[in-house]
Amino acid sequence: MRLLVLGGTHHVGRAVVEAALTRGDEVTTVNRGLSRAAAAGVEALVADRTDPGALRQVVAGREWDAVIDTWSGAPRVVRDSSELLAGRAGHYGYVSSRSVYRWPIPRHAREDAPLVDGDPGMDGDEDYAAAKRGGELAVLREFGDRALLARAGLVLGPYENVGRLPWWLRRIERGGRVLAPGVPGRPLQYIDARDLAQWMLDAAEREAGGAFNAVSRSGHATMGELLDAAVRVTGSDAELVWAPAEVIEEAGISPWIELPIWLPDDDEYGGMHDGDVSAARKEGLTCRPVLETVADTWAWLQAEGDPEPRPGRPRHGLDPAKEEQVLLGLDRS
């Protein structure tokens, strides 16, 4: 395919570019050209897409078979891009999020679960769920059934600049007693960025459209399997000390942010790791083993170092003093 990637230097965007090159696609990227050099074989167009005039200038007179858009900011930017590309591309794949479902997300939620309100013209992204829904509506307005909405949820793997799996790997690398939340058998639902990238490209080639919960089945891995894999690949002497969910709550520790990836299996958070993914699996989505995701993320961190935190996003991870306090409390109980 002739492929246009809006972004292409970090996380899912980087995975998309690498997968597309492996497939033999002709890859063009549009980004500001500030963070990473373009991969070999990529035509790199430099523009700040928040400026519609700058984007219009670099895509003028060009056409592509498909566009992949990883934008996670203001939906107004997606609106401007999709309007500009509607007559220049046959397919538009948008990396959305399961956050577009109304909170709390119901267990076993399918793609027809209730959605938050969104405005394609919104110029802010403080409300992440509303921003992603606004982006979806912008793409649907211009591309209709030629649009693929990949509601990805938790994205792990190499190039992750959110800081979830990298934090766990660095914490376990330090060794010693490591506070592990909940129970080892807690089912997880996530997607390796490389599996998401491959699936979106294959879907673009088939011209598949619609909204999909683009994550693994619930229980593809457990919290225990993920952390055990981290101990294994780092070669650490870490000892996982499992603390019940109520202990985590009583300590005032926030799931997801202070203890990344993990969420308690309760009425508020249970649906986050329990979505219905039958539609995406029918459309060909497959997920690699958790050990491969963890090992490759560790190899990337060793090769390139920790990524810069994403501006405007919360920093993930637990303060060591807070962790030690909970561990001491577990010893006394």
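The following dialogue examines how several terms apply to this predicted model.

User: Why is strand β2 called largely enclosed?

Analyst: A residue is buried under 20% relative accessible area, exposed over 50% and partly exposed in between (1.4 Å probe, protein chains only). Five of the six residues of β2 (residues 26-31) are buried, so the rest of the structure largely encloses this strand. Strands here are DSSP runs of E with at least two residues, helices are runs of H or I with at least four, and both are numbered from the N terminus.

User: What makes β2 a partner of β1 and of β3?

Analyst: Two strands pair if DSSP finds at least two bridges between them. Five bridges join β1 (residues 2-6) to β2 in parallel, with Val27 of β2 as the bridge partner of Leu3. The chain passes from β1 through helix α1 (residues 11-23) to β2 in a right-handed β-α-β crossover; right-handed means that, with the strands pointing away from the viewer, the path from the first strand over the helix to the second runs clockwise. Four bridges join β2 to β3 (residues 43-46), again in parallel, and Asn31 has Val46 as its bridge partner in β3.

User: What makes a set of residues a nonpolar core, and which residues touch the most other members of the largest one?

Analyst: Such a core consists of buried Ala, Val, Leu, Ile, Met, Phe, Trp, Tyr and Cys residues joined through side-chain atoms within 4.5 Å. In the largest, of 47 residues, Trp168, Ile172, Leu179, Leu226, Leu227, Ile261 and Val294 touch the most other members. Helix α7 supplies its largest share, six residues. Apart from this core lies another of 34 residues, among them Ala15, Ala19, Ala20 and Ala193.

User: Why is Arg217 called partly exposed?

Analyst: Its relative accessibility is 40%, so Arg217 counts as partly exposed. Arg217 lies in the loop between β11 (210-213) and β12 (221-222).

User: What makes Arg288 and Asp195 a salt bridge, and which parts does the pair tie together?

Analyst: A salt bridge requires a side-chain nitrogen of Lys or Arg within 4 Å of a carboxyl oxygen of Asp or Glu. The closest N and O atoms of Arg288 and Asp195 are 2.8 Å apart, and the pair forms a salt bridge. Arg288 lies in the loop between α9 (278-282) and α10 and Asp195 in helix α6 (residues 193-206), so the pair ties together parts 93 residues apart in sequence. Both Arg288 and Asp195 are buried.

User: How are Glu173 and Arg170 separated along helix α5?

Analyst: Being three residues apart in α5, Glu173 and Arg170 are separated by about one helical turn. Their side chains meet in a salt bridge at 3.2 Å, N to O. Glu173 has a relative accessible area of 37% and is therefore partly exposed.

Definitions and conventions. Residues numbered from 1 in each chain as written. Predicted model: local features only at pLDDT ≥ 70, side-chain atom pairs only at ≥ 80, totals over all residues. Heavy atoms only, no water.
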